[in-house]
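Thanks for coming. I will go through the charged and aromatic side chains of one structure, and then its overall dimensions. Please have a look at it first.

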Amino acid sequence: MSTKTTYIDASRKRAVREFLFSFFNEDSIVGLAGPDINEYIRWCNEKKITNIELWENDGAVMLNQLSKLKDDLSASYKFGDIIDAESKKDCVYDLDYCKTIRTMYDHIRKFKTEKFVMTFATRKVGNLKTIDLFFKGRKEKVDQMIEKDSPIHHYVIKTVFGKYIACPYFDTTPMISIAKI
């Protein structure tokens, strides 16, 4: 498995991100910038997201990101686990963990009412098992799940607590993004 240094060449990831964020119109985001902080902030600005709060819990990654941050790109940047982020209204949480769901239960429970996109690796678990574990971790029962292929492959999922969209994809490794919309 290779590590990405940017998502610019990750066409499937970008397509999923564009699709999922088409369901939101908030101008605030709390998120994880990923490997290329400049690309992430530029993308937020293109989406008219003006209030950007980024988190990083790895000191070496944070130093690397800050050393590459361009002066003309603005965001607040916090060191720590994004699970400690304050709950905000009119905000989308972009939680690209790139870890399997098995280690992320505290995170999926934390963001209960907020609008979010959570991304998990599905290696050794698979798409449907990840979706099942996600809702078990949230203590939500899936009432309806419909698979669709257009405009990209995704599942529309309904529970008594809301509506979700789940998009499986593969770039460097098999992944799934689950959005509460």
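How many salt bridges does the structure hold? The count is eleven, where a salt bridge is a side-chain nitrogen of Lys or Arg within 4 Å of a carboxyl oxygen of Asp or Glu. Before the details, note that this is a predicted model, in which local features need pLDDT of at least 70, side-chain atom pairs count only at pLDDT 80 or more, and totals for chains, interfaces and linings use all residues. Residues are numbered from 1 along each chain as its sequence is written, and side-chain values use heavy atoms, with hydrogens and water left out.

I start with Arg17. Its side chain meets that of Glu39 in a salt bridge, with 2.7 Å from N to O. The pair links distant parts of the chain, 22 residues apart: Arg17 is in helix α1, residues 11-21, and Glu39 is in helix α2, residues 37-46. Helices here are DSSP runs of H or I with at least four residues, strands are runs of E with at least two, and both are numbered from the N terminus.

Are these two residues buried or exposed? Arg17 has 12% relative accessibility, so it counts as buried; Glu39, at 9%, counts as buried too. The cut-offs are under 20% relative accessible area for buried and over 50% for exposed, with partly exposed in between, using a 1.4 Å probe and protein chains only. Arg17 also lies over the face of Trp43, at 4.3 Å from the ring centre. For that label, NZ of Lys or CZ of Arg must be within 6 Å of the ring centre and within 35 degrees of the ring normal. Lys110 is placed likewise, with its charged end over the ring of Phe111, 5.6 Å from the centre.

Next, Lys136 and Asp132. Their closest N and O atoms are 3.4 Å apart in a salt bridge. The two residues are four apart in helix α5, residues 127-138, and therefore separated by about one helical turn. Lys136 is exposed at 54%, while Asp132 is partly exposed at 31%.

Lys141 and Asp143 form a further salt bridge, 3.7 Å from N to O. Here Lys141 counts as exposed at 61%, and Asp143 as partly exposed at 46%. Elsewhere, Glu53, Lys78 and Lys88 are linked in a network of salt bridges.

Now the aromatic rings. A search of the whole structure finds twelve aromatic pairs. Rings of Phe, Tyr and Trp (its six-membered ring) pair if their centres lie within 6.5 Å; planes under 30 degrees apart count as stacked, over 60 as edge-to-face, and the rest as tilted. Phe21 and Phe24 have ring centres 5.6 Å apart and planes at 65°, so this pair is edge-to-face. Phe21 is buried at 8%, as is Phe24 at 11%. One aromatic cluster is formed by Tyr97, Phe116, Phe120, Phe134, Phe135 and Tyr164.

Last, the overall picture. The protein has five helices and nine strands, in the order α-β-α-β-α-β-β-α-β-α-β-β-β-β from the N terminus. The C-alpha trace spans about 45 × 35 × 30 Å along its principal axes. Of the 181 residues, 48% are buried. Among contacts (heavy atoms within 4.5 Å) with a separation of 6 or more, 53% are between residues 24 or more positions apart. That is the end of my part.
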